[in-house]
Amino acid sequence: MAMNNLLLREQLVSLLSERLSQEVTEEVMFQLDAAGKVSQILELFRELQESSIKLSGVSIEALPDVLHRCDAHTVAPWLDLAIALANVSGAVTLKYLKESPQILGILETSEHRHHVLSIALEVADSDSEYAANCAFEFFRKTPELFFADPNIDLLGWAEVGQELTEWNQVLGIEFFRECPNISGVLPLQEVRSWVTFGTKLI
C-alpha cells in the first residue's frame, strides 16, 4: 500500500511539474499530502485530461490559487465541476477555471464553497444543451446571492432556473445572471409561482 501511494505521489508530482515550478509543486503536494487527497486529485486530473489536455493544463495552473484562497478539501469538488462542464463546453470550462479561484475565495466558508459547487454540479449534469452555461452563470453569481441573504435557498433558486431553461433556454440563462437582483425584489416562492404559471401558458 505504501509503495502504491508513493507511486501515485510521483505521478502527480510529474503531472504538476509540467505546468508549475518545483517550488510551487512542492507546496501544492505538501497541502494535498496533508489532506490525504493525492490519489483522488490525480484521478480527477486524469479524467479532465481525457476531455482536454489544454483544460487539464489550465486547471493545474489554477490549482495553487485555489489552494491559496481555499483549502485542499475544496480541490476535488472544484475539479468535479470542471469535468462536468468540460463534457458539455470547453469554452465555458476555460472561463470557469480562470474565474473560479477568485469566486471561491469570496465565499466566506468551506461549507458555502462545497454547497455552491455541489449545486452547480447538479445544474451542469442536467440534460439541457445549455447546462454548462447555466451552471457557470449560477456559480459566478452565488457570492452576490449570499451577500443579499446568507441563508438563501440556493438549491431552490437553481431549480427555478433549470425549470425556466427547459421552457426557454435564453430566458433561463438570463435568469441565472439576474437572480441576485431578482432575489432582492421577490421571494423565491413568488418567483417559483411566476415561472410555473408562465411555463403552463405554452
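Which residues in α6 meet which residues in α8?

A: This is a predicted model, where local features need pLDDT of at least 70, side-chain atom pairs count only at pLDDT 80 or more, and totals for chains, interfaces and linings use all residues. Residues are numbered from 1 along each chain as its sequence is written, and side-chain values use heavy atoms, leaving out hydrogens and water.

From α6 come V92, K95, Y96, E99, S100, I103, L104 and I106. They meet A132, N133, F136, F139, R140 and P143 of α8. Contact means heavy atoms within 4.5 Å.

Now the geometry. Helix α6 spans residues 90–106 and helix α8 spans residues 131–148. Helices are DSSP runs (H or I, at least four residues), numbered from the N terminus. The two pack at about 20 degrees, and their axes lie 9 Å apart. Axes are lines fitted to C-alpha atoms over the stretch in contact, with angles from 0 to 180 degrees between N-to-C directions. Therefore α6 is roughly parallel to α8 (an angle under 35 degrees). The crossing is left-handed: the near helix is turned anticlockwise from the far one by less than a right angle.

Two contact residues also belong to the core. The largest nonpolar core has 66 residues, and Y96 and F139 are among those touching the most other members, along with L12, L16, F45 and W78. Such a core joins buried (under 20% relative accessible area, 1.4 Å probe, protein chains only) Ala, Val, Leu, Ile, Met, Phe, Trp, Tyr and Cys residues through side-chain atoms within 4.5 Å. Helix α5 (residues 72–86) gives the most to this core, with 11 residues.

Notes:
Buried < 20%, exposed > 50% of the residue type's maximum accessible area, 1.4 Å probe, protein only. Parallel < 35°, antiparallel > 145°, perpendicular 65-115°, else oblique.
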